[in-house]
Structures are given as C-alpha cells and as structure tokens.
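Let's take a walk through this one together. Have a look at the fold first, and then we'll pick a side chain to start from.

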Amino acid sequence: MTQSTLSRTKSSGIHVAILMDGNGRWAATRGRPRSEGHRAGVESVRRVAAAAPGMGISTLTLFAFSADNWQRPRAEVDALFGILQEYLEQDAAQCAAQSIRMRVIGRRDRLPLPLVRAMEQAEAATASGAALDLRIAVDYSARDSILRAACWLISSLEVSPGEFSRLLGRVTHSGEPSAEVDLLIRTGGERRLSDFLLWECAYAELFFTPVLWPDFDAADLAAAMREFSTRERRFGKSSPAPAIANS
C-alpha cells in the first residue's frame, strides 16, 4: 500500500463499500426465480463479512435495497425484505460471537414493522462488536439523505463538512458521523454509483468487477484490496517529486 494510502487509513482501518449487483442475473442464468439470487447473495454477505477484518477492513457498508428499488415488482420486494429479516434474525448471534457490529442505514418509516424490529434487535445484540462495523443500507438514497441533512442544516449555527457528516449520520440512522469510504466495489459488471454514499465517496477508490454478487467471495475481496493497495491517494495534493539519483 502506498504511503499516502497508509497514512489515511492506518489509524482507523479501511472503509469498504460494496454495491452488491447481479443477484437477479445469477438466478436467471440458472433458471431460478430472482428471490433465489437474493438468497444466494446472503451467503456472499456472510463470506465477505467473515473475511473483512483479516484484510484490515474496519467498516463494511453493503447496499441491499435502494429507494429506487421500490419500483420493482411487489412480490420481489416482499421476498427481499423477508430474506433480509431472516438474515438479521438468524445471524445476529453469530455476528456478536465474531465481534461484528451490525447496523442498518437508510429510511425506516416505509419498511414493514417486523423488519424494523429485526433491525433494532440485531443492532442491540451486536452493539459491542469491535472487529467489524457491518452496515447494511436499506431504503437508502444518497441524494435524499443529503437533501434532508441540508434541510436540517438550515437551523444549525455551524456549517462545516464535519457538521454535515453528523447530520447525514442522523438522517440515515447510522448513529454517528457518516464515515468516508476508502474503497467502493461494484460487482456485476456495471460502472455507476447508483445513488450510493455520494458524499462519503468523494475520494473513494473505485473497483468494478464482472463477478456477480452471489459468486463474490473472500478471494475476490482480497483481489480488490490488492488493487486498492497500489493506488496513490493524494486527496488533492501533488505527487511526491521522484528522487534524483546521484551521478
């Protein structure tokens, strides 16, 4: 990892965000319903979350359901929410045992109450986890979050990036200032941000892979981390001047 990357991340660990794309295509190529792709995607969540701490990742944010996903067929939305609720209820104890803190960011006022209760219970059960902060974005829109935080900022006396990050944390239920992303990964071959963590990804390194999310595993995460380690992260500064050898 380059020195500039190290200096930015060594104190607090690396924040990796993943757009988990390709569940539907994975299912379609196997002649299965889309819900089976989402269910297979949960296994990838488990694999990646278990491997992340050993790669220096302290925060892992996964995009599970966007605000625009409400436009999908109701049956698919209901199935996805059911799978997510099942994951939260079944995996909270295991995450607590692995010292993984589970949190859900995004809106909660439009979600089914049983799912909201599962979120709250998983967050409470894993609150002491220190090995990994696993954040799952549900009914999340970066633009909506920025807009609501900006509206709240009107009544604030302090106008600064730090205060704005704090407000973003409040509107998305993250419980703390929104953390900057170091590496953004998108699976499935697409190359766009899709309204995900736009404020937090201002200086994120981007990594796109054709691997569909249900096929993504620890080896794929390690490959992304190796690529990340080669990036020179200057954050607006100039590159260091090359050393001149003595003649």
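Start with glutamate 205, whose side chain makes a polar contact with the side chain of arginine 231, at 2.9 Å. Keep in mind that this is a predicted model. Glutamate 205 sits in strand β6, which covers residues 205-208. Is this glutamate buried or exposed? Glutamate 205 counts as buried because its relative accessible area is 14%, and the cut-off for buried is under 20%. Leaving aside residues up to four places away in sequence, glutamate 205 touches Asp182, Leu183, Leu184, Phe228, Arg231 and Arg233.

Now over to the nonpolar side of things. The largest nonpolar core has 44 residues, and those touching the most other members are Val16, Ile18, Leu60, Tyr87, Leu88, Val138 and Ile185. Helix α4 gives this core its largest share, nine residues. Apart from that core lies another, of 13 residues, with Ala17, Ala142, Val181 and Leu184 among them. Leu184, you'll recall, is also one of the residues that glutamate 205 touches.

Last stop: the open space. The largest pocket has a volume of about 660 Å³. Its lining takes in 31 residues, and Met20, Asn23, Phe63, Ala64 and Asn69 are the closest to the centre. Which elements supply at least two lining residues each? They are α2 (23-28), α3 (34-51), β2 (57-66) and α4 (74-97).

Notes. Residues are numbered from 1 along each chain as its sequence is written. This is a predicted model: local features need pLDDT of at least 70, side-chain atom pairs count only at pLDDT 80 or more; totals for chains, interfaces and linings use all residues. Side-chain values use heavy atoms; hydrogens and water are left out. On a 1 Å grid over the protein atoms alone, a cavity is a set of points where a 1.4 Å probe fits but cannot get out, and a pocket is an open set with protein on both sides within 12 Å along at least five of seven lines; lining residues have an atom within 4 Å of a point. Grid points are joined across faces, edges and corners, and a volume is the space filled by probe spheres set on the points. Helices (H or I, at least four residues) and strands (E, at least two) are DSSP runs, numbered from the N terminus. Buried means under 20% relative accessible area, exposed over 50%, partly exposed in between (1.4 Å probe, protein chains only). A polar contact is a pair of N or O atoms within 3.5 Å; within protein, one must be able to donate a hydrogen and the other to accept it, and residues adjacent in sequence count only if both atoms are side-chain atoms. Contact means heavy atoms within 4.5 Å. A nonpolar core is a set of buried Ala, Val, Leu, Ile, Met, Phe, Trp, Tyr and Cys residues joined through side-chain atoms within 4.5 Å.
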